[in-house]
Amino acid sequence: MAVVKHAVVTGVSSGIGAATALSLLDDGWRVTGLSRRQPEIVHDNLTWVQADLGDLDAVASVASGLSAVDAVVHAAGLQRSAPLGSLNVDDLRDMWQVHVAAAEVLVNGVVDALEPGARVVLVGSRTMTGNAGKSQYVATKSALTGMARSWAMELVSRGITVNVVAPGPTDTAMLGDPSRSHTPPKLPPLGAFIGPSEVAGLIGFLLGPLGRNITGQAIVQCAGASL
């Protein structure tokens, strides 16, 4: 009987997290999903855990109860934007908590439960190299690349890979979030926003057998937005 692989996915109530959870469930994975709101996904192999990813004690508590983990996908996120001169340090704190600190606490908490050959994917952003009006968001997303590469170095002897998937403008609720009104989304050169399922497909590749030799990388999926 084949062993069912176990993935921990954050942000499963919407967007990239929901698309990733659905894709993995369709591929026969067992998924532990973390989010504030209950996802619309109904599946026997989905275990939903209500957790605010900005509450690091809650994330640590969830992580301590996990075992036999084959993959971690940190997809939870938020975006607030403002130009220099109008920055609010609380916005930076909130994004840092969810994007960086939650990833750190979650992976740190499950590292001993990661199976040999496990995969870790952090969802970053193609803006990680800089974007006018998004300096705080960029700071949090760019931090993921250095953290992931460092973890990749630490875990390589166990055959565990760690990568960042960095999408461009993706067709999720975040595109219309009033908190990013200073930087409205621009249609990328290829003519369409990226679908959450497309990002989930790239994540699935990294979690699959053909992704076993990719580690410490930030893979940009931006429909030409970075050209």
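Strand S1 (residues 6–10) is largely enclosed by the rest of the structure, because five of its five residues are buried (under 20% relative accessible area with a 1.4 Å probe, protein chains only). The model is predicted, so local features need pLDDT of at least 70 and side-chain atom pairs count only at pLDDT 80 or more, while totals for chains, interfaces and linings use all residues. Residues are numbered from 1 along each chain as its sequence is written, and side-chain values use heavy atoms, leaving out hydrogens and water.

**Strand S1 and its partners**
- His6, Val8 and Thr10 are buried on one side of S1, and Ala7 and Val9 are buried on the other.
- In a regular strand the side chains alternate between the two faces of the sheet.
- S1 pairs with S2 in the parallel sense over five bridges (pairing requires at least two DSSP bridges).
- Thr10 has Leu34 of S2 as its bridge partner.
- S1 also pairs in the parallel sense with strand S4 (residues 69–74), over four bridges, and Val8 stands opposite Val72 there.

**Helix H1**
- Thr20 lies in helix H1 (residues 15–26) and is buried, with a relative accessible area of 2%.
- Beyond residues up to four places away in sequence, Thr20 touches Val9, Val73, Ala200 and Ile203 (heavy atoms within 4.5 Å).

**Helix H2**
- Val59, Val62 and Ala63 are buried in helix H2 (residues 56–64).
- They cover an arc of only 100 degrees around the axis, which puts them on the same side of H2 (arc taken from the directions from the helix axis to the C-beta atoms).
- The buried residues of H2 pack against strand S2 (30–35), strand S3 (46–50) and helix H3 (89–110).
- Asp57 and Ser64 are exposed on the face turned away from the buried side of H2 (over 50% relative accessible area).

Notes. Helices (H or I, at least four residues) and strands (E, at least two) are DSSP runs, numbered from the N terminus.
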